[in-house]
Amino acid sequence: MPGLRAAEGRVHRLAGVLGEAQQVRMAAGVAAAQAGMAAAATARPAVLRQSGAVLAMTTGFDTTVPNMARVYNYWLGGKDHFAADRAEAMRLVERYPPLPAMVRENRAFLIQAAGWAARQGIGQFVDLGAGLPASPAVHQAARAVLPAARVAYVDTDPVVLAHVRALLATGDGVTAIDADLRDPAAVLGHEDLRAVIDPARPVCVILGAVLHFVDPDAACAVTAGYVSLMAPGSCLVLSCARFDDEELAKQLAEEYTAATWYNHSPADIVGFFDGLELAGPGVTEARTWPKRSPEVDDRNGHVLAGVGRVLGR
Ligand SMILES: C[S@@+](CC[C@H](N)C(=O)[O-])C[C@H]1O[C@@H](n2cnc3c(N)ncnc32)[C@H](O)[C@@H]1O
């Protein structure tokens with residue numbers, strides 16, 4: 001992949017990944033989630049903009065408009081989507097068939113990285129742009145290592161928040177926060193987040209498949225903002241979709257109506273880790289993290305991923 005090789009030195013490839021994360025809908029709490037969806041249906045439309053780009057269009061609960069979280073849920077093999085989401089997802093898959101595989105690889109990476117962070121002794125997790133519940137969830141991966149791990153799921157989509165509250169934030173130490181990930185100080189200072197997360201202690205901040213909805217400069221500002229607020233010993237887990245073929249990327253971005261999507265360059269993605277020490281292989285293919293991937297990769301679409309550590313200041 002020429003673009004990735006261009007950023008060599010800090011961008012590496014690996015081989016080997018945990019088994020594919022299986023998307024299942026948890027039975028318990030489904031009724032509560034449905035009640036939450038009904039409440040969300042009355043939510044006022046909101047459009048979040050930064051640097052002139054639409055990051056997320058949170059349209060309350062309009063089933064006729066493709067929704068970022070639900071399109072992703074469809075690709076992941078979940079059940080939380082409607083005809084408009086499926087139509088958009090399938091149109092995009094026609095254009096680029098490996099998209100569902102990329103989404104599964106992304107989830108597998110996030111779960112593996114959360115477990116890795118827990119094994120470093122990090123017991124607090126902030127999952128930014130958490131999305132609709134998937135199994136295993138971040139708190140399950142973390143608690144498999146550290147049973148007392150605490151997790152804040154952050155999103156702006158009222159339907160996502162309703163599902164997360166009903167299905168994931170059902171016990172002590174797991175919460176759902178309605179906050180815009182582009183405002184690190186507001187997120188980490190949120191009263192409800194502070195009930196479970198102490199940013200003065202090491203925390204694992206996760207930006208899974210969300211920064212490609214933010215333009216490169218704003219994305220750099222977002223990660224720098226979190227890094228400046230994270231205690232030494234913390235880590236940043238990050239993944240972005242990336243296509244080698246800019247023409248294909250342009251076509252996919254045009255056909256994806258749920259949000260504005262940016263084909264960040266490998267160098268840009270490496271830059272999101274500025275000020276951090278990259279763990280293991282550095283920025284690499286999500287599907288092979290934390291091992292080096294083969295030198296030759298004939299796939300055009302990649303999920304580039306990495307884990308950065310905050311060193312002592
Ligand atoms: C593609 S899903 C990713 C889900 C999950 N992070 C993963 O990688 O499996 C993106 C999620 O980010 C949320 N999102 C988009 N913009 C956001 C913002 N500005 N603040 C918080 N959440 C946002 C969407 O609502 C959606 O649930």
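**View 1. Helix 3 against helix 4.** Helix 3 and helix 4 pack at an angle of about 65°, and their axes are 9 Å apart. The axes here are lines fitted to C-alpha atoms, for helices over the stretch in contact, with angles running from 0 to 180 degrees between N-to-C directions. What you're looking at is a predicted model, where local features need pLDDT of at least 70, side-chain atom pairs count only at pLDDT 80 or more, and totals for chains, interfaces and linings use all residues. Residue numbers start from 1 along each chain as its sequence is written. Helices (H or I, at least four residues) and strands (E, at least two) are DSSP runs, numbered from the N terminus. On the helix 3 side, look for R70, V71, Y74 and W75; on the helix 4 side, D85, R86, E88 and A89. Contact means that the C-beta atoms of two residues, placed from the backbone, lie within 7 Å. By class, this contact has four nonpolar, no polar and four charged residues. Ala, Val, Leu, Ile, Met, Phe, Trp, Tyr, Cys and Pro count as nonpolar, Asp, Glu, Lys and Arg as charged, and the others, Gly among them, as polar.

**View 2. Helix 3 again, now with helix 5.** Helix 3 (residues 68-76) packs on helix 5 (residues 99-119) at an angle of about 95°, with the axes 8 Å apart. The two are therefore roughly perpendicular to each other (65 to 115 degrees; under 35 is roughly parallel, over 145 roughly antiparallel and the rest oblique). Y72, W75 and L76 of helix 3 make the contact with L99, P100, V103, R104 and R107 of helix 5. Sorted by class, that's six nonpolar, no polar and two charged residues.

**View 3. Helix 4 beside helix 11.** Helix 4 (residues 83-95) and helix 11 (residues 246-255) pack at an angle of about 165°, and 10 Å lies between their axes. That makes helix 4 roughly antiparallel to helix 11. Their crossing is right-handed. Here R91, L92 and R95 in helix 4 meet Q251, L252 and E255 in helix 11. Two of these residues are nonpolar, one is polar and three are charged.

View 4. Five of the five residues of strand 6 are buried, so the strand is largely enclosed by the rest of the structure. Buried means that 20 or more other C-beta atoms, placed from the backbone, lie within 10 Å of a residue's own; 12 or fewer is exposed, and in between is partly exposed. C204, I206 and G208 point one way, while V205 and L207 point the other way. Strand 3 (residues 124-128) pairs with strand 6 in the parallel sense over four bridges (pairing takes at least two bridges found by DSSP). In this pairing, D127 stands opposite I206. Strand 7 (residues 235-243) also runs parallel to strand 6, joined by five bridges, and its L236 is the bridge partner of V205.

**View 5. Zooming in on G208.** G208 sits in strand 6 (residues 204-208). With 25 C-beta neighbours inside 10 Å, G208 counts as buried. Leaving aside neighbours within four places in sequence, G208 is in contact with N106, L110, G129 and S239. V237 is 29 residues away from G208 along the chain, yet their C-alpha atoms are separated by 7.2 Å.

Definitions and conventions: Left-handed = near helix turned anticlockwise from the far one by under 90°.
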